[in-house]
Amino acid sequence: MKIFDAHSDVLCKLWQNPELDFYKEDKLLQAGFTALEKGNVDIQVLACFVPSQVPFGRRFHTVLEMIDIFYQKVASEQFRPIFTKADLAECVLKGQKGAILFVEGAHALEESLVQLRTWFRLGVRGMTLTWNHGNALASGNGEPNPGGLTSFGREVIEEMNRLGMIIDVSHLADPGFRDVLECSNAPVIASHSNARSLCHHSRNLTDEQIRALIAKDGAIGLTFVDFFTVSEKRTVWIDDLLRHLDHICALGGVDHVGFGSDFDGITETFGDMASAADYSQLLEALLKRYKEAEVLKFVQGNWLRVFGNVLQ
């Protein structure tokens with residue numbers, strides 16, 4: 001089975017380490033091309049994440065630098081950019097590998113709809129609205145007294161809907177999550193979040209939020225971050241992650257859950273899943289406990305539906 005992974009920070013790692021080659025195997029790259037090939041990952045969302053230490057006034061340009069890295073060092077005939085729902089369908093039909101550009105955190109937007117539209121024209125097709133900290137749109141999950149969407153945040157949601165950009169609520173504080181689902185006229189995703197009832201962390205989703213995403217016809221990408229998977233400090237395994245999958249399916253999420261690894265944004269990996277090359281082990285574990293038709297939804301089908309419904 002071919003895999004669709006909804007979140008990787010490999011572009012940020014390439015930006016931070018210009019000596020790295022996306023197409024050469026390297027232990028520093030969890031989602032480099034050779035790892036994606038070994039793991040049978042056909043479609044990968046690549047997020048441009050601007051570290052918080054980059055000052056205001058340089059963040060938008062930093063995203064441009066990462067987009068440039070994508071076109072200069074990553075995009076190729078082997079790994080083609082996906083811009084439209086037609087591109088997505090063709091990529092699947094021909095069995096080609098494809099990449100979808102996102103920005104992680106609207107702090108990099110620097111309070112400008114012009115810059116959002118510029119990203120779109122350069123190929124960006126989705127955005128995670130916050131990182132852990134708040135920005136001009138909304139509060140991040142790390143804020144002590146979080147608020148919801150600002151008036152500018154609501155403008156951004158409206159513009160993303162108009163453009164056909166994927167709205168990603170991972171990292172968003174709870175009040176903003178509610179506001180986004182009320183404001184957006186398109187399905188939204190949580191690209192890399194687990195179930196809070198199994199691992200109590202503000203980055204994870206409550207059962208109410210999971211049900212709301214299901215009702216919105218969105219999707220949830222289970223992430224391979226160890227401390228979003230189990231609360232205690234220990235080695236984490238694929239079986240621990242599958243407890244979150246079981247829980248979301250029990251809430252009615254069989255058609256609304258997939259995987260968003262966060263590879264290359266992870267410092268501690270699972271004991272049995274160190275990179276995208278190990279996706280075969282996850283697939284084997286899935287097939288032991290779910291029907292093949294359901295597994296196909298988890299690893300690709302649910303993402304294809306949601307992205308196909310939003311991209312133009």
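The model is a predicted one, in which local features need pLDDT of at least 70 and side-chain atom pairs count only at pLDDT 80 or more, whereas totals for chains, interfaces and linings use all residues. Residues are numbered from 1 along each chain as its sequence is written, and side-chain values use heavy atoms, with hydrogens and water left out.

## Aromatic pairs

The structure holds 18 aromatic pairs, that is, rings of Phe, Tyr and Trp (its six-membered ring) with centres within 6.5 Å, called stacked if the planes are under 30 degrees apart, edge-to-face if over 60 and tilted otherwise. Phe33 belongs to a tilted pair with Tyr23, in which the ring centres are 4.8 Å apart and the planes make an angle of 40°. This pair links distant parts of the chain, since Tyr23 belongs to the loop between helix H1 (10-16) and helix H2 (33-38), while Phe33, 10 residues away, belongs to helix H2 itself; helices (H or I, at least four residues) and strands (E, at least two) are DSSP runs numbered from the N terminus. Tyr23 counts as partly exposed, because its relative accessibility is 23%.

A second tilted pair is formed by Phe49 and Trp131, with 5.1 Å from centre to centre and 45° between the planes. Here too the pair links distant parts of the chain: Phe49 is in strand E2 (residues 41-49), and Trp131, 82 residues apart from it, is in the loop between strand E5 (124-128) and helix H6 (151-163). Elsewhere, ring pairs join Phe224, Phe259, Phe263, Phe270 and Tyr279 into a cluster. A ring also takes part in a contact with a charge, in that Arg125 lies over the face of Phe120, 3.8 Å from the ring centre; the rule asks for NZ of Lys or CZ of Arg within 6 Å of the ring centre and within 35 degrees of the ring normal.

## Pocket and cavity

The largest pocket has a volume of about 390 Å³. Its lining comprises 23 residues, of which Asp9, Trp131, Asp262, Gly265 and Ile266 lie nearest the centre of the pocket; Trp131 is thus also the partner of Phe49 in the tilted pair. Helix H1 supplies three residues, the largest share of the pocket lining. By class, this lining divides into eight nonpolar, seven polar and eight charged residues.

A search of the whole structure finds one cavity of 30 Å³ or more, and the volume of the largest cavity is about 40 Å³. On a 1 Å grid, a cavity is a set of points where a 1.4 Å probe fits but cannot get out, a pocket is an open set with protein on both sides within 12 Å along at least five of seven lines, and lining residues have an atom within 4 Å of a point. The lining of the largest cavity has four nonpolar, five polar and three charged residues, and among those that line this cavity are Asn141, His171, Asp174, Phe177, Arg196 and Gln209.

## Residues in loops

His171, one of the residues lining the cavity, is found in the loop between strand E6 (166-168) and helix H7 (174-183), and has a positive phi of about 80° although it is not a glycine. Glu110, in the loop between strand E4 (97-104) and helix H5 (113-121), likewise has a positive phi, near 55°, in a residue other than glycine. Most residues other than glycine have a negative phi.

Arg234 is placed in the loop between strand E8 (219-222) and helix H9 (238-250). Its side chain makes a polar contact, at 2.8 Å, with the side chain of Glu232; such a contact is a pair of N or O atoms within 3.5 Å, one able to donate a hydrogen and the other to accept it, and residues adjacent in sequence count only if both atoms are side-chain atoms. The C-alpha atom of Arg234 is separated by 9.9 Å from that of Phe270, 36 residues apart along the chain. Asn17 is in the loop between H1 and H2, and its C-alpha atom is separated by 9.6 Å from that of Leu28, which is 11 residues apart along the chain.

The table gives the accessibility of several residues named above.

| Residue | Relative accessibility | Class |
|---|---|---|
| Phe49 | 11% | buried |
| Trp131 | 23% | partly exposed |
| Glu110 | 13% | buried |
| His171 | 6% | buried |
| Asn17 | 22% | partly exposed |
| Arg234 | 36% | partly exposed |

Terms used
Points joined across faces, edges and corners; volume = space filled by probe spheres on them. Nonpolar A, V, L, I, M, F, W, Y, C, P; charged D, E, K, R; others polar. Buried < 20%, exposed > 50% of the residue type's maximum accessible area, 1.4 Å probe, protein only.
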